[in-house]
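Trainee: Could you walk me through how to read a strand residue and a group of aromatic rings?
Mentor: Gladly, let's look together.

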Amino acid sequence: MASEVALAAAILRGVPGHIRSDNGPEFIATAVRTWIAAVGARCAFIEPGSPWENGYCESFNSKLRDELLNGEIFYSLAEARIVIGSWRQHYNAVA
């Protein structure tokens, strides 16, 4: 799902030179790094223990955890897509 959104953004706006992220497991996963390389971008990880290097990402990750993930248990991928999609729409409209 995330790769589909990223691919759509790359088609619309062009492939970025690099994708900056923290060193969390979702961004160091082989599948994600392979996809980033396949579209011609590079990974740019922030230094561990330096969240100020990417404040927007850290703020979003914190809100996602606090407002959604800590209070949910997903029993299926379909349920996760619906609940997270609803939260995403709210986050983009309110935050």
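**Reading a strand residue and an aromatic cluster**

Mentor: This is a predicted model. Let's start with Arg-42, which belongs to strand β2, residues 42-45.

Trainee: Is Arg-42 buried or exposed?

Mentor: Exposed means over 50% relative accessible area. Arg-42 has 62%, so this residue is exposed.

Trainee: Which residues is Arg-42 in contact with, leaving aside neighbours within four places in sequence?

Mentor: Those contacts are Gly-17, His-18, Ile-19 and Ile-36. Take Gly-17: this residue is 25 residues from Arg-42 along the chain, yet their C-alpha atoms are separated by 6.3 Å.

Trainee: Now the rings. How many aromatic pairs does the structure hold?

Mentor: There are 3. One of them joins Phe-60 and Trp-87, with 5.8 Å centre to centre and 55 degrees between the planes, a tilted arrangement.

Trainee: Why does the pair tie together parts that are apart in sequence?

Mentor: Because Phe-60 sits in helix α4 (residues 55-67) and Trp-87 in helix α5 (residues 77-94), the pair links parts 27 residues apart in sequence. Phe-60 is partly exposed at 29% relative accessibility, while Trp-87 is buried at 9%.

Trainee: What about the rings of Trp-87 and Tyr-91?

Mentor: Planes under 30 degrees apart count as stacked. Here the planes of Trp-87 and Tyr-91 are at 20 degrees and the ring centres 5.0 Å apart, so this pair is stacked. Both residues lie in helix α5, 4 residues apart, which means about one helical turn separates them. Tyr-91 has 18% relative accessibility and counts as buried.

Trainee: Which residues form the aromatic cluster?

Mentor: Phe-60, Trp-87 and Tyr-91 together make one cluster.

Technical notes. Residues numbered from 1 in each chain as written. Predicted model: local features only at pLDDT ≥ 70, side-chain atom pairs only at ≥ 80, totals over all residues. Heavy atoms only, no water. Helix = DSSP H or I, 4+ residues; strand = E, 2+ residues; numbered from the N terminus. Buried < 20%, exposed > 50% of the residue type's maximum accessible area, 1.4 Å probe, protein only. Contact = heavy atoms within 4.5 Å. Phe/Tyr/Trp six-rings, centres within 6.5 Å; stacked < 30°, edge-to-face > 60°.
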